[in-house]
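Welcome! Take a moment to look over the structure below, and then we can walk through some of its features together.

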Amino acid sequence: GKASAKKTAPGHAAEPAAKIQPKPAPAVPADAFPNLPAAIESLKAAAKASDTESFVRAEQWIVMQGSAGIEPLGKILNDRQAEMEHRIAVCRTLRRLGPQAKVPFKQALGDTSQQIQLNAIKSLGLIEPTDQDIIQTLDGYLDDADVRKRTEAIFALANIGAPAKDAVGEKLVKMLNDPKENETIRGAARRALDEVAPRRTFVDR
């Protein structure tokens, strides 16, 4: 990249670099969809057709509307009559709508489908900014009898990183150092500690 920039006249130095960089996602015009229900229908149709470009377009527009999307997407997530494909797909968009998106995800933790529960746990770890309520909710799964839920909660806390340290740092250390603990859990705990408490000094055995 540097070589081509040197050969160019100073006024045009930015041009070659621009061609090398990946294209940013196109900004979606404000009038791309007439209203939120139309954008959500487009999101569902794109999910079903595995049409990534249309999905991203609808998602970006929904994100532009701020927290308005939380209630209608949350309804789909928690509608046990809705198609599983749609319920899973809206998780991705919902978790980009800010901290209040935790409300429908916390409701989904009580779903009868393990797939929905696991997606809800994962999504709670991806909401930005996080908060203590989200951290406490995930902390509650560290003692769950279900290894998959525990593992998903550990990875969710790893995504949250340093803000989760005070709540779960010690627990993760105990899991890591417990020889009777499930190996999958110990491995997940080790990885999570690198994110949650990166400068820790305890010896890993």
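Predicted model: local features only at pLDDT ≥ 70, side-chain atom pairs only at ≥ 80, totals over all residues.

- Helix H6 spans residues 84-94, and its buried residues are His86, Arg87, Ala89, Val90, Cys91, Thr93 and Leu94.
- As a general point, an α-helix has 3.6 residues a turn, so residues three or four places apart point the same way.

**Lys44 in helix H3**

- Lys44 sits in helix H3, which runs over residues 36-49.
- Is Lys44 buried or exposed? Lys44 has a relative accessible area of 18%, and because the cut-off for buried is under 20%, Lys44 counts as buried.
- Which residues does Lys44 touch, once its neighbours within four places in sequence are set aside? Lys44 is in contact with Ile76 and His86.
- His86 is also one of the buried residues of H6.

- Side chains of opposite charge can pair when their charged atoms come close.
- How many salt bridges are there in this model? The count comes to 15.
- One of them joins Asp133 to Lys102, with 3.1 Å between the closest N and O atoms. This pair links distant parts of the chain, as Asp133 is in helix H9 (residues 132-139) and Lys102 is in helix H7, 31 residues apart.
- Asp133 also meets Lys106 in a salt bridge, at 2.9 Å from N to O. Lys106 lies in helix H7 and Asp133 in helix H9, so this pair ties together parts that are 27 residues apart in sequence.
- Lys102 is buried at 12% relative accessibility, whereas Asp133 is partly exposed at 29% and Lys106 is partly exposed at 32%.
- A network of salt bridges links Lys102, Lys106, Asp131 and Asp133.

- Asp143 and Lys171 form a salt bridge, and their closest N and O atoms are 3.5 Å apart. The two residues are 28 residues apart, with Asp143 in the loop between H9 and helix H10 (147-160) and Lys171 in helix H11 (residues 165-177).
- Asp143 is exposed, with a relative accessible area of 59%, while Lys171 is partly exposed at 30% relative accessibility.

How values were computed:
Residues numbered from 1 in each chain as written. Heavy atoms only, no water. Helix = DSSP H or I, 4+ residues; strand = E, 2+ residues; numbered from the N terminus. Buried < 20%, exposed > 50% of the residue type's maximum accessible area, 1.4 Å probe, protein only. Contact = heavy atoms within 4.5 Å. Salt bridge = Lys/Arg side-chain N within 4 Å of Asp/Glu carboxyl O.
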